[in-house]
Every structure is written in C-alpha cells, then in structure tokens.
Amino acid sequence: MTAADVVFPGDGVALRGYCVATGGAGRAPALVLVPDVRGLSDFYRDVARRFADAGFVTLAVDLYSREGTPELPDMESVSRRIRTLPDTRVLADLAAAVRHLAARDDVRAEAIGITGFCLGGQYSLMAACTVPGLAACVAWYGMLRYAETNAVKPESPLSMAPRLGCAYLGLFGAEDGLIPRADVEELRATLARTGRPHEIVEYPGAGHAFMNETRADVYRPEAAADSWRRALAFLRTHLAGGPSRTR
C-alpha cells in the first residue's frame, strides 16, 4: 500500500488530496472520499488507508484546496461554512477527482465509487445524482434538505434524489438531530421510485458522526463497526463485483 499527498487538475485550479493505492497487481476499484466540513483531517486520511487496505484505491479530496482549511471553533462557524460553500464548485471538484482516478493505470475506470461523512455524505449523494462516471455511493449521515435554496445552494439533495445514477447506501443515526427521520423516509420513498439499487440503514441510539472515533461524545462503536462492514460489502458488490452505473 502506498500513500501520498497529490495535486490533480480541476476546472482552472489545482486541487489537492490524499491518495492511497492498494499496491496490488492489475487494476483495482476506486473511491473518492469526501470529508466533513472540517476538511481533510488525520481521521479521514486514516479512513482512506482503511479503504485502500480493503482493496480500493482511495482519493480523499481537500474541499479547501483554494483557501486552506478553515478555523471552525464553534457550531455557528460550522453552520456558516456549510451555508457558504458553493455546491457547484464542490461538485465540479468531485467530478475532477473521478476523472483523475479514471486516468490512473491502477484503477478500473468503470468501477469508481464515492463515499463521505456528514457534509461529505451530503455531497456524495449529490454527486451520485449529477457526476458522470460513478458506479456506487456510500453516504454516512449526509444532510438531506436545505432550509432555503439560493445561488450558492440551488437544490437540496432530496430534490436531486430522483436523478440517482448509481447504487446507493445511506447510513444514518436514528437519533441524529441534524437529519429529521422524515427526511430519511422521504429519501427512502424517492429512491424506491428510481429503480436504482439502494439500501438505507438507521442505527438506534446513534446520532450524527457516530463513525468518528476521535469524538468520544458521539462515537458509537457498534454502529460504526456494522456500518463499516455494510459499506465494504456494498462496495464489493457494486464495484469489485462489477459496475452498476447507469449514466
């Protein structure tokens, strides 16, 4: 397994990330990993290494390649950052990450997925509905609905969901204060109408960020372990086992 900070081309900008390759012979399935609002932390570098160890070339994207990782000392600053991060910019960067992986000689271009956590889970679903070249999506507790839409946030993830273009696994905490269960149920009903392969799992007793072991207040070991097992099984089915891409 090899790991390195990388620079890859976006739309008129150099984008940054952390890429971990499996080191095996031949071409492997690959993943774009989207961190939460705090950016490409050591935790997400470790998650990228875990995915690579499971057989997926993994590119963790730096959402703040242009301006640098922001200081977010409190929830108000977190909320403000989420509200002001332009969706069109992020989705273009994720499309560039997919293209970068597809061009690597150790990646099966038809077997690229996307995964993310919190804000990254939100953008993973949005990418699965809009970005060409994706065969699977695993989203951990991604927010689903905007309080209001505007030029920066033109369309909620729920509004995009009917356009899902690949297999989707959504992993949610049943006690998540940021994601109403009604939104999860609406997503479930919407995806059922698309006919795309999908699963939605809710964990009783778990809230937001239950996968993040660096946060003892929210980490739920049983939910984290089960969601990881499910994620790997899902990705092996839809990436390692063959593409389910429809775009």
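Modeller: In this predicted model, let us begin with Asp106, which touches Ala21, Gly26, Arg27, Ala28 and Val57 when residues up to four places away in sequence are not counted. The residue sits in the loop between α3 (87-103) and β5 (107-117).

Biologist: With which side chain does the side chain of Asp106 make a polar contact?

Modeller: The partner is the side chain of Arg104, at 2.8 Å.

Biologist: Is Asp106 buried or exposed?

Modeller: The cut-off for buried is under 20% relative accessible area. Asp106 has a relative accessibility of 18%, and therefore counts as buried.

Biologist: How is the length of a helix checked, taking α3 as the case?

Modeller: One compares an expected span with the distance between the end C-alpha atoms. At 1.5 Å a residue, the 17 residues of α3 should span 24 Å, and the end C-alpha atoms lie 25 Å apart, so the two agree.

Biologist: Which residues of α3 are buried?

Modeller: A general point comes before the list. An α-helix has 3.6 residues a turn, so residues three or four places apart point the same way. In α3 the buried residues are Asp87, Arg89, Val90, Leu91, Asp93, Leu94, Ala95, Ala96, Ala97, Val98 and Leu101.

Biologist: How many of the twelve residues of α4 are buried?

Modeller: Eleven of the twelve are buried, and α4 is thus mostly covered. They are Leu119, Gly120, Gly121, Gln122, Tyr123, Ser124, Leu125, Met126, Ala127, Ala128 and Cys129.

Biologist: How should a positive phi be read?

Modeller: Most residues other than glycine have a negative phi, and most peptide bonds are trans. Two residues other than glycine may be examined here. Cys118 has a positive phi, near 60 degrees, and Tyr141 has a positive phi, near 35 degrees.

Biologist: Where are Cys118 and Tyr141 found?

Modeller: Cys118 is in the loop between β5 and α4 and, at 12% relative accessibility, counts as buried. Tyr141 is in the loop between β6 (136-140) and α5 (157-160), and is buried with a relative accessible area of 2%.

Biologist: What volume does the largest pocket have?

Modeller: Rolling a probe the size of a water molecule over the atoms shows where empty space is left. Here the largest pocket has a volume of about 850 Å³. It is lined by 33 residues, of which Val78, Ile82, Cys118, Met143 and Leu178 are the closest to its centre.

Biologist: Which helix gives the most to the lining of the largest pocket?

Modeller: That helix is α2, with five residues. Both α1 and α2 (75-84) supply at least two residues each. By class, the lining comprises 17 nonpolar, eight polar and eight charged residues.

Biologist: May we compare sequence and space in other loops?

Modeller: Leu63 lies in the loop between β4 (57-61) and α2 and is buried, at 2% relative accessible area. Beyond its neighbours within four places in sequence, Leu63 is in contact with Val34, Pro35, Asp36, Arg89, Val90 and Leu119. Asn212, in the loop between β8 (198-203) and α7 (221-240), is buried with a relative accessible area of 7%. Leaving aside neighbours within four places, Asn212 is in contact with Asp36, Phe43, Tyr141 and Tyr219.

Biologist: How far apart in space are Arg236 and Pro29, C-alpha to C-alpha?

Modeller: They are 8.7 Å apart in space and 207 residues apart in sequence. Arg236 lies in helix α7 and is partly exposed, with a relative accessible area of 40%. For Leu63 and Leu158, 95 residues apart along the chain, the C-alpha atoms are separated by 22 Å.

Conventions
Residues numbered from 1 in each chain as written. Predicted model: local features only at pLDDT ≥ 70, side-chain atom pairs only at ≥ 80, totals over all residues. Heavy atoms only, no water. Helix = DSSP H or I, 4+ residues; strand = E, 2+ residues; numbered from the N terminus. Buried < 20%, exposed > 50% of the residue type's maximum accessible area, 1.4 Å probe, protein only. Polar contact = N/O pair within 3.5 Å; in protein donor to acceptor, adjacent residues only side chain to side chain. Contact = heavy atoms within 4.5 Å. Expected span 1.5 Å × (residues − 1). 1 Å grid on protein atoms, 1.4 Å probe; cavity = no way out; pocket = protein on both sides within 12 Å on 5 of 7 lines; lining within 4 Å. Points joined across faces, edges and corners; volume = space filled by probe spheres on them. Nonpolar A, V, L, I, M, F, W, Y, C, P; charged D, E, K, R; others polar.
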